[in-house]
Amino acid sequence: MSSDRGTAPADLFLCGWRLRTRIAMPELAPWTGDDREPDLLIRTGAIPARLADAEDVSPLLQVNPERQARLAIDGVATYWLRSAHEIVIDPQIDVDSPDVRTFLFGTMLGLLCHRRELFPLHASCVVVAGRAIAISGVSGSGKSTLAAALVRRGHRLVSDDVCAIDAGAAGGPVVRPAFPRVKLWQDSLAAMGVATDGLHANRFGQNKYYLRFSDPAEFQAEPVPLGAVYLLDPLTAPVAGREGIRRLGTMQAVTELHDQIYRKRTALRWGRAADLFAAVGKIVAAADVHRLTRGPDLAGLDGMVRQIEAQAAAA
């Protein structure tokens, strides 16, 4: 497909980068920064079936020593991280479909962070009491649900699912803002009293939806210092005395944060092992790391939110 879609290019904001594209990206805010050249171009175009010197990370993902990546999602699109400044998309459906952006702002954003020497934590992030609170864990553990509940309590969203941390920033690690929306399953929306009417599905036929926070006061538009990380550990059944928050010791925090690096296998193939280990050390030195164990349903959501607020206020 040609990269010239016949529409004017738009300059948008993503993680502090000036992104230029002709593709509809309603999640992103317009670029309002300086007049620099675009940091990132996202366009449509042809993609080779095999990258030069490629190896397979999975049946869907190829990478090579040049730190390029090719992701193929059948029925959606193929994506090519061609350089630190360009992503090419070859869509199989309307390129403006939310399905296309699901993988662009998930896997491809994580790989781009690695390419640009950032630390992508598998986490959602909210500003509480002036500091970034990252909520990390495996898919389905409740990161986005807890983040959305905090935003609805008056706090500001920074990112969802991929938390881009600049561990080497002057003054200590900071989180770079992404976009003002989270992805939530229907039961999470129902628990918060939010109807799915008018919400876009994450993927066609899936009961997971985009919840956008349209009020500027609900989104953190500037980098913010990282204050704490909560590692979610959802129970599969009620266990008396297990629910709650526990601060982790340094070694356990290092180990468990390392486990939550987004697209870590690819990063290791790209030779980032030492950089990532150093970044984890900087994060643990600057931010408290907690284990948050929650019950098997959403009944305790409000209590978890209040515990996080209380800890942030006391820090």
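Student: Where does T21 sit, and what stands opposite T21 in β4?
Tutor: Opposite T21 is I42 in β4. Keep in mind that this is a predicted model.

Student: How do β2 and β4 run, and how many bridges join them?
Tutor: Strands β2 (residues 17-21) and β4 (residues 40-44) run parallel, and three bridges join them.

Student: What's the order of the whole sheet?
Tutor: The open sheet has nine strands, in the order β3-β1-β2-β4-β9-β8-β7-β6-β5, with mixed pairing. At the edges stand β3 (29-30) and β5 (55-56); each has a single partner strand, so one side of each is left without a neighbour in the sheet.

Student: Which strands does helix α1 lie across?
Tutor: Helix α1 (residues 98-115) lies across β1 (10-14), β2, β4, β6 (61-63), β7 (69-73), β8 (77-83) and β9 (86-91). Relative to β8, helix α1 runs at about 25 degrees.

Student: New topic: which strand holds H122?
Tutor: H122 lies in strand β10, which covers residues 119-128.

Student: Is H122 buried or exposed?
Tutor: H122 is buried: its relative accessible area is 12%, and the cut-off for buried is under 20%.

Student: So what is H122 in contact with?
Tutor: Leaving aside neighbours within four places in sequence, the contacts of H122 include I135, S136, G137, V138, D161 and Y262. With D161 there is a polar contact between the two side chains, at 3.1 Å.

Student: And how far is H122 from D259?
Tutor: H122 and D259 are 137 residues apart in sequence, and C-alpha to C-alpha they are 9.2 Å apart in space.

Methods: Residues are numbered from 1 along each chain as its sequence is written. This is a predicted model: local features need pLDDT of at least 70, side-chain atom pairs count only at pLDDT 80 or more; totals for chains, interfaces and linings use all residues. Side-chain values use heavy atoms; hydrogens and water are left out. Two strands pair if DSSP finds at least two bridges between them. Helices (H or I, at least four residues) and strands (E, at least two) are DSSP runs, numbered from the N terminus. Contact means heavy atoms within 4.5 Å. Axes are lines fitted to C-alpha atoms, for helices over the stretch in contact, and angles run from 0 to 180 degrees between N-to-C directions. Buried means under 20% relative accessible area, exposed over 50%, partly exposed in between (1.4 Å probe, protein chains only). A polar contact is a pair of N or O atoms within 3.5 Å; within protein, one must be able to donate a hydrogen and the other to accept it, and residues adjacent in sequence count only if both atoms are side-chain atoms.
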